[in-house]
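Subject: Structure handover

Dear colleague,

Here is the structure for your files. My notes on it follow below.

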Amino acid sequence: MSCRLDITFFFFLLVTFVPLVHMFPFGRNQLDINFYDRSCPNLPMIVRYGVWSALKDDNRMAASLLRLHFHDCIGCDASVLLDDTPYFTGEKNALPNHNSLRGFEVIDNIKEQVERFCPSTVSCADILALAAREAIDMVGGPSWPVALGRRDAITTSKEAAEEQIPSPIEPLENITAKFYSKGLDLRDVVALSGGHTIGFAQCFTFKGRLFDFQGSGRPDPVLDFSLLTKLQTMCPNEDTSNSNLAPLDATSSLVFDNEYYKNLIYNTGLLQSDQALTKDRRTAAMVYYYSNNRFSFYNDFAESMVRLSNAGVLTGIKGQIREKCGSVVVAVFQKNADHVNVYVKYEILVPKLKNNWILQSYAEVADHK
């Protein structure tokens, strides 16, 4: 009887773990530029074509994909891509992201294509990191090496997003503290802020500068008067204008360049948090330097993107590889009298699970067998 149970348990482990081998790539705990060279060699081409197609249809998408990657990198684990469930409200509906983040469908479309060629192999987090790089390259910006092997989170937190994503009205010291918490430094703050050389912002993110700056009843005195007049026309002082859009860089909003820094020098920065870079002598020096040295900005931006996209990632057996970026892969166990059936489903996430929940569940089933 004991021998029969041992054989049954052996086959249970075999059937259980072999189909899920891609979900737990044991022995690969570090990011590596060549991570998918053998398992998904066409990945770079698939991502690049997907981004090119998206930019062809929507010239704002480069900025949107960069911002989506930025906002995911409170962990760079694709948690920002998870849809809400009856059990949690995810990062999509956090204050910095709600009705603001774009590009989810681009990542979903790329992931669908990747799954056709390399099923259960490439994480959504890696796809997003690659897509951001390709998008910036396609609008004239720098490229950078993207080390791969990230895993996708199985949890998401609206509260964490609201606490950790910098706000456009926060003091500079608060923003730098958030960067420092990710292992980044002051140069990273200034260089990555240069991502605002492309894209648009909704009026509610800067309207406080136009009419009642810090409760003064007057506009921000630093803001260039000509720009102020234009913005007050684009964003009248009424709630219905909150979602109107204004370019972050009115000079060249669709081209990645260093005009953003020149705008700050002339007090035509759109966001309060951007213009604040000229008020601190340490960051102001870097603003002036980048305004006159485009290639130095490109080099530093690329290096900062590498550091940012490697911050807090999940690797090895942590997290999982999602089949669809908006939902978590959940292992569901059904125990009968004589055996255990294992299913893998794409379902809602049970509250308070940890990233090693699936492995713990296997152990619990084995213990009860």
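**Salt bridges and a buried arginine**

Glu-134 is buried, at a relative accessible area of 8% (buried means under 20% relative accessible area, exposed over 50%, partly exposed in between; 1.4 Å probe, protein chains only). Its partner in a salt bridge is Arg-48, with the closest N and O atoms 2.2 Å apart (a salt bridge is a side-chain nitrogen of Lys or Arg within 4 Å of a carboxyl oxygen of Asp or Glu). This pair links distant parts of the chain, Arg-48 being in helix α2 (residues 43-57) and Glu-134 in helix α5, 86 residues apart. Arg-48 is partly exposed, with a relative accessible area of 35%.

This is a predicted model: local features need pLDDT of at least 70, side-chain atom pairs count only at pLDDT 80 or more, and totals for chains, interfaces and linings use all residues. Residues are numbered from 1 along each chain as its sequence is written, and side-chain values use heavy atoms, with hydrogens and water left out.

The chain has 14 helices and four strands (DSSP runs numbered from the N terminus: helices are H or I, at least four residues; strands are E, at least two). Of its 369 residues, 50% are buried. A search of the whole structure gives 17 salt bridges.

Another of these joins the side chains of Asp-126 and Arg-150 (2.7 Å, N to O). Asp-126 lies in helix α5 and Arg-150 in the loop between α5 and α6, so the pair ties together parts that are 24 residues apart in sequence. Both ends are buried: Asp-126 has a relative accessible area of 0%, and Arg-150 has 1%. Salt bridges that share partners also join Arg-48, Arg-133, Glu-134 and Asp-137 into one network.

Arg-150 has polar contacts as well (pairs of N or O atoms within 3.5 Å; within protein, one must be able to donate a hydrogen and the other to accept it, and residues adjacent in sequence count only if both atoms are side-chain atoms). Its side chain reaches the backbone oxygen of Ala-147 at 2.7 Å, and a polar atom of that side chain lies 3.0 Å from the backbone oxygen of Ser-309. Not counting residues up to four places away in sequence, Arg-150 touches residues including Leu-31, Tyr-36, Cys-76 and Ile-321 (contact means heavy atoms within 4.5 Å).

Lys-92 forms a salt bridge with Asp-83, the closest N and O atoms being 2.4 Å apart. Asp-83 is partly exposed, at a relative accessible area of 37%.

Regards
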